Structure formats: structure tokens, C-alpha cells
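Please open the model in your viewer and keep the selection panel at hand. The stops below go from the whole chain to single side chains.

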Amino acid sequence: MTDADVVRADYVHGYSGRESQRLLDQATTLAELLHWDTVFPTGSDVLEAGCGVGAQTVAIAGASPGARIRSVDVSAQSLQAAKTRVARAGIRNVTFLQADIFNLPFPAHSFDHVFVCFVLEHLRDPVGALTTLKRLLKPGGTITAIEGDHGSAYFHPNSVAAQRAIQCLVDLQAMAGGDALIGRRLYPLLFEAGFKNVMVSPRMVYVDASRPQLVDGFTRKTFNAMVEGVRNDAIACGLIDEAAWDQGIRDLHRTAEPDGVFCYTFFKAVATTRASPSSTP
Ligand SMILES: C[S@@+](CC[C@H](N)C(=O)[O-])C[C@H]1O[C@@H](n2cnc3c(N)ncnc32)[C@H](O)[C@@H]1O
């Protein structure tokens, strides 16, 4: 662990190999749904804030080969994995830097675009982060922010025990200063940070047995794996006992059976640093 990793010791998902694999599974499964409409122009400068192991970097850099992408993360270990992944994908338009979003070593107005995905949910001060990132944008620059919202998870068969296990993750993230329900707040957060032309589009994942890639890639390997990852912390904090936890996880996996259904909504926001002449705030 580096000093910077110690700073993020309260990061609810941790930095294990299993979590890295989960981020990669998540990004691969959701790439089309989340990124089909994200293309950065040739010659533009893009900051990816909180790139992690590079799971989204490959998708955004691959779709915009003419953009110069600067990807930063506080974790040296994750950055190393990101560098390897991007190099293996043959992507050449990304450079990496270990840095904290709240203390980035770039002058004001350095970037045309900022991209931030699944990071605001872990920050104690998401508006402060957005305000800092806004300062780095050129006049007229844009931000793309993507977040999930665990309150949007519903499924068949319905299960109080499964919802209780999910609530443990929501509570642990809140205890660490984050917000696992942040997706629904993207508009007010961006508005409060002073962004203009804020447009949020919900991206719903609907999974049933006719979509086996989503059953495996999303229900099992992204969502259920994420909840399962906080088992020890949830029990150690006294949020739930082992029997109730195990029942909740069994019920979550039950939704991936042939007659099961799983629904979840991500929120993708795009905003600019200044209002277009015809727009409302
Ligand atoms: C859930 S991961 C998401 C990574 C990547 N964006 C993705 O979607 O796969 C959150 C990442 O944010 C990083 N992070 C958290 N707080 C940060 C901060 N203050 N500055 C920079 N990175 C931060 C963590 O180290 C972690 O890699």
C-alpha cells in the first residue's frame, strides 16, 4: 500500500484483486449502455478523474482515439493495473497520474472535458469535487458524470432479506462518508457546483434469463459481487448477523435463476461550464 492508498482506507469496496475483476466485468457488461453516446473530439484534452484499474478508460479512450486522455487516481496500485490494461488493449492516447481529485496538479482551464464514473459516490464532498473539476475546465468545457443508485435495485422474486443485505452496503458507504444512492442526486449536485445545461439520462439495466450475458455479467458478477464484497464489514459492524446476511445473498442469487428478474438504474449526466444562449439553468 502507498501513502495515497492509506488515505483511501475507508473506500468501501477496497482494492482487492476480486474488486478489480468486478470493476472490469462491470465496465465490459455496461460499456454500450453507458458510453454509446460519449465521443470526445480529436485534439481535445480530457481528464478522467478516478480511473481505478482502467475499466472505463479502455472504453472512452478506444471510442475517441484522437482525444488526449489524462487519467488520474489516488491509488498507485490501481493505476499500475490501469496502465497495463490500456497498453494491452493497444490504446496510445492515455497518460496516467497518481493524484487526489481535491489536489490535482493542473492549472485552471486545462481541459475540454472531464469524465468521472463511479467516484462521486465515495466522496465526502461531491460538490467540492465537482467545483474543483469545474475549475480545470476551459470556458464552455463539459463534464460527464456517471453513477449508480442502489435504491433503484428491484427484482423477482422480491426479498426483504436481499434488500436488507443491499442496505448494509448503503449504510457502510454512508459510514465511510459516501452515498450509494447518489445517482438520483446528479442533477442537484452539478447544479450546486455551478454547472449549466445539466442533462441527466437514466440508464436502466433490465435482466432476465433471455439475456444470459447480463445475468452473468451484471446480476452475478457486478451487483451481487459488489454486495457480497462487504460481508465481513457488515457483520463486524453489527449491521446484520451471519444467518440474515447469508439469506439475503442467497435471495440475490435467486434472482439470477431462469425465472428470476433483476432491474437497476444508472444515471448519466452531461453539463457545461456556461449556459448556452437558449438554455434554462
Ligand atoms: C469504484 S472505483 C471506479 C473506478 C473507475 N472509474 C471505474 O468505473 O471502473 C472508484 C475509484 O475512485 C478512486 N478515488 C476515490 N477517491 C478519490 C480521490 N479523492 N481522488 C482520486 N481518486 C479517488 C478510488 O481509488 C477508485 O479507484
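What follows is a short tour, with something to select at each stop.

This is a predicted model, in which local features need pLDDT of at least 70 and side-chain atom pairs count only at pLDDT 80 or more, while totals for chains, interfaces and linings use all residues. Residues are numbered from 1 along each chain as its sequence is written, and side-chain values use heavy atoms, with hydrogens and water left out.

**The whole chain**

The C-alpha trace spans about 55 × 45 × 35 Å along its principal axes. The radius of gyration of the protein chain is 19 Å, which agrees with the value near 19 Å for a compact globule of 281 residues; the radius is taken over C-alpha atoms, and the globule rule is 2.2 Å times the number of residues to the power 0.38.

Colour next by accessibility: 54% of the 281 residues are buried, where buried means under 20% relative accessible area, exposed over 50%, and partly exposed in between, with a 1.4 Å probe and protein chains only.

**The loop at Pro65**

Select Pro65, in the loop between α3 (57–63) and β2 (68–73). Is Pro65 buried or exposed? Pro65 is exposed, since its relative accessible area is 60%.

**The aromatic pairs**

Now show the rings of Phe, Tyr and Trp (its six-membered ring), which pair if their centres lie within 6.5 Å, with planes under 30 degrees apart counted as stacked, over 60 as edge-to-face and the rest as tilted. By this rule there are 10 aromatic pairs. Phe118 and Phe266 have ring centres 5.6 Å apart and planes at 45°, so this pair is tilted. Because Phe118 lies in the loop between β4 (111–117) and α5 (126–135) and Phe266 in strand β8 (residues 261–272), the pair ties together parts that are 148 residues apart in sequence. Both Phe118 and Phe266 are buried.

Move on to Tyr187 and Phe191, a stacked pair with 6.2 Å centre to centre and 10° between the planes. These two residues are 4 apart in helix α7 (residues 186–192), and therefore separated by about one helical turn. Tyr187 is partly exposed at 35% relative accessibility, and Phe191 is partly exposed at 45%.

Finally, select Phe118, Phe155, Phe218, Phe223, Phe262, Tyr264 and Phe266 together, which ring pairs link into a cluster.
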